[in-house]
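Here is a friendly tour of one protein chain, meant to be read with the model open beside you. Take the topics in order, or jump to the one you need.

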Amino acid sequence: MKSLPNSAKKLIQEFSNLPGIGSKTAQRLTFYILQIEKEKVSNLSQALLEIKEKIHNCIVCNGITEEETCSICTDPNRDSNIICVVEHSHDIIVFEKTNGFNGRYHVLGGTLSPLDGVGPEDLNIQNLFERIDDGMEVILATNSNVEGETTALYLTKILSKKEIRLSRLARGIPIGSDLGYIDSATLVRAMEGRTSV
């Protein structure tokens with residue numbers, strides 16, 4: 001890389017700082033940028049600036065929006081009695097792609113992680129507690145890892161004070177899987193969460 005101009009090295013380094021981008025991919029992206037028209041590069045740079053300037057958190061659910069309140073929170077066709085609690089804004093996109101959920105969301109902004117110094121006061125938990133009324137359903141959709149499970153347990157404890165229906169996403173065997181390749185923890189969860197047929 002000694003033969004590369006400093007501006008190319010700098011761009012490769014910036015691309016490498018992005019999650020999931022290794023040094024080879026960063027180099028390919030840099031050389032792609034060098035080959036395309038200046039107008040396309042300008043459009044890309046403008047889009048990067050706009051996303052930082054225009055997008056902020058929804059005042060209701062903490063998801064992302066360009067308005068004060070996001071389109072999901074203002075949609076009158078959404079069921080306001082069901083709230084799906086997710087860790088991050090991008091988790092909403094995963095659910096929305098399925099077209100299988102018609103409720104509202106609540107973004108925590110992370111998970112509890114005492115080792116990393118992240119406690120309940122660092123997450124958007126108080127706002128969640130204030131949004132919930134008796135008779136609502138709350139679905140805990142945190143990841144199935146140590147931090148996600150810890151967060152779900154904590155939320156279960158504090159939300160049990162309300163008269164709500166509280167559920168957790170089902171976990172188990174993915175469609176198309178071979179039982180011989182399933183880890184034992186997933187198999188145990190699948191057995192515990194079995195349903196009647």
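Strands S3 and S5 run parallel and are joined by four bridges, where strands count as paired if DSSP finds at least two bridges between them. Helices (H or I, at least four residues) and strands (E, at least two) are DSSP runs, numbered from the N terminus. Please keep in mind that this is a predicted model, in which local features need pLDDT of at least 70 and side-chain atom pairs count only at pLDDT 80 or more, while totals for chains, interfaces and linings use all residues. Residues are numbered from 1 along each chain as its sequence is written, and side-chain values use heavy atoms, with hydrogens and water left out.

- Between S3 and S4 the chain passes through helix H5 (residues 89-98), giving a right-handed β-α-β crossover; right-handed means that, with the strands pointing away from the viewer, the path from the first strand over the helix to the second runs clockwise.
- Why is strand S4 (residues 103-107) described as largely enclosed by the rest of the structure? Five of its five residues are buried, so the rest of the structure largely encloses S4; buried means under 20% relative accessible area, exposed over 50%, and partly exposed in between (1.4 Å probe, protein chains only).

**The chain as a whole**

- The secondary structure comprises eight helices and six strands.
- Along the sequence, these follow the pattern α-α-α-β-β-α-β-α-β-α-β-α-β-α.
- The radius of gyration is 21 Å, whereas a compact globule of 197 residues would have one near 16 Å; the value is taken over C-alpha atoms, and the globule rule is 2.2 Å times the number of residues to the power 0.38.
- Along the principal axes, the C-alpha atoms fill a box of roughly 65 × 50 × 35 Å.
- Of the 197 residues, 31% are buried.
- Among contacts (heavy atoms within 4.5 Å) with a separation of 6 or more, 49% are between residues 24 or more positions apart.
- The accessible surface is about 13600 Å², and carbon and sulfur atoms hold 54% of this area; accessible areas come from the Shrake-Rupley method with a 1.4 Å probe, and for residues only the protein chains shown count as cover.

**Nonpolar cores**

- In soluble globular proteins, nonpolar side chains tend to be buried together.
- Here the largest nonpolar core has 16 residues, and Val85, Leu128, Ile132, Val138, Leu155 and Leu159 have the most contacts inside it; such a core is a set of buried Ala, Val, Leu, Ile, Met, Phe, Trp, Tyr and Cys residues joined through side-chain atoms within 4.5 Å.
- Two or more residues of this core come from each of S3, helix H6 (125-131), strand S5 (137-140) and helix H7 (146-159).
- Which element gives the most to this core? That is H7, with four residues.
- Leaving out residues up to four places away in sequence, leucine 155 touches Val85, Leu108, Ile125, Leu128 and Leu140.
- Another core, of 14 residues, lies apart from the largest one and includes Cys73, Cys84, Val86 and Ala141.

**Residues worth a look**

- Glutamate 149 is in helix H7, and its relative accessible area of 19% makes it buried.
- Not counting residues up to four places away in sequence, glutamate 149 touches Asn143, Ser144, Arg168, Arg171 and Arg189.
- Isoleucine 175 lies in the loop between strand S6 (165-168) and helix H8 (184-192), and is exposed at a relative accessible area of 91%.

**Positive phi angles**

- Most residues other than glycine have a negative phi.
- Asparagine 62 has a positive phi of about 75°; this residue is in the loop between strand S1 (56-57) and strand S2 (64-65), and counts as buried at 19% relative accessibility.
- Asparagine 99 also has a positive phi, near 55°; its place is in the loop between H5 and S4, and at 71% relative accessibility it counts as exposed.
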